[in-house]
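Please load the model in a viewer and keep the selection panel at hand. The stops below are arranged so that each selection leads to the next.

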Amino acid sequence: MGVNAGRGAVLIVAALVIGFLLLNDLDNGGDLSGGSVSAGRSEETTPTTERVLPTIATTTTAPVKAAKDVKVLVINGTTTAGAAARVATALKGGGYNVLRAVDASAQVKAATSKSAVYYVTRDFEREAKAIQAALALPPSPVTAVPTPPPAPEVNQANVVVVVGPELAKSGGSATTTTARGGSTATTRATTTTTR
């Protein structure tokens, strides 16, 4: 009977050691599903990592608004009489929704050295760039209407054209491109002055 009692004590001690090791393994983040435990040390398993793929930002570019949906204010920034009206007529021929042409103040006229195209709100920046190209102006950055504005009427428009000396001399010209059913038609409106 003494041998059986000794074996029972050994089994109880072995069960306590195994239980202690299992609890210790659980406290350290291990699991009981497949790891084996040997006396004195636990088997380490390599953690599995999920591969996270980077997200790619997608941007959708809205098409340029139709010319008829763009309100354009043409401001005469020169002392040449009728310069803004001639540019306005050319833009109307290109299909733009042109407001009544106005004169800039004497201060703005004195400061205007070249023609400029501005957007009133940022969502008309591309349309302002298209008008700049249609007027055959040199490519340059299109910006927001400056403060103070060149004329008080700018808040009625989406795009503002300030006529400088080069447009006053040329009389303005506008080119529009319209896509219809897979084909593209280009029209060019020009204004000439006769004396």
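Which elements each supply at least two residues of the lining of the second largest pocket? They are α3 (106–111) and β6 (116–119). Helices (H or I, at least four residues) and strands (E, at least two) are DSSP runs, numbered from the N terminus. The model is a predicted one, in which local features need pLDDT of at least 70 and side-chain atom pairs count only at pLDDT 80 or more, while totals for chains, interfaces and linings use all residues. Residues are numbered from 1 along each chain as its sequence is written, and side-chain values use heavy atoms, with hydrogens and water left out.

**First stop: the second largest pocket**

About 260 Å³ of space lies in this pocket. Select Val108, Ala111, Thr112, Pro146 and Pro150, which are the closest to its centre among the 14 lining residues. A pocket here is an open set of points on a 1 Å grid over the protein atoms alone, where a 1.4 Å probe fits, with protein on both sides within 12 Å along at least five of seven lines; lining residues have an atom within 4 Å of a point. The volume is the space filled by probe spheres set on the points, which are joined across faces, edges and corners. α3 gives the largest share of the lining, three residues. By class, nine lining residues are nonpolar, four polar and one charged; Ala, Val, Leu, Ile, Met, Phe, Trp, Tyr, Cys and Pro count as nonpolar, Asp, Glu, Lys and Arg as charged, and the others, Gly among them, as polar.

Select β6 next. Ala116 and Tyr118 point one way from β6, Val117 and Tyr119 point the other way, and all are buried (under 20% relative accessible area; exposed is over 50%, partly exposed in between, with a 1.4 Å probe and protein chains only). In a regular strand the side chains alternate between the two faces of the sheet.

Strand β7 (residues 143–144) pairs with β6 in the parallel sense over two bridges. Centre on tyrosine 119: this residue stands opposite valine 159 in β8 and opposite alanine 144 in β7.

The whole structure holds four salt bridges, each a side-chain nitrogen of Lys or Arg within 4 Å of a carboxyl oxygen of Asp or Glu. Select glutamate 127 and lysine 65, whose closest N and O atoms are 3.8 Å apart. This pair links distant parts of the chain, 62 residues apart: glutamate 127 is in helix α4, and lysine 65 is in the loop between β2 (41–42) and β3 (71–76). Glutamate 127 is buried at 2% relative accessible area, whereas lysine 65 is partly exposed at 32%.

Then select glutamate 125 and arginine 122, which meet in a salt bridge at 3.2 Å, N to O. Glutamate 125 counts as partly exposed at 27%, and arginine 122 as exposed at 59%.

**Last stop: backbone exceptions**

Most residues other than glycine have a negative phi, and most peptide bonds are trans. Select threonine 147 and proline 148, joined by a cis peptide bond with omega of about -5°. Proline 148 lies in the loop between β7 and β8. Finish at alanine 136, which has a positive phi of about 60° and lies in the loop between α4 and β7. Alanine 136 is exposed, at 55% relative accessible area.

Notes
Pairing = 2+ DSSP bridges.
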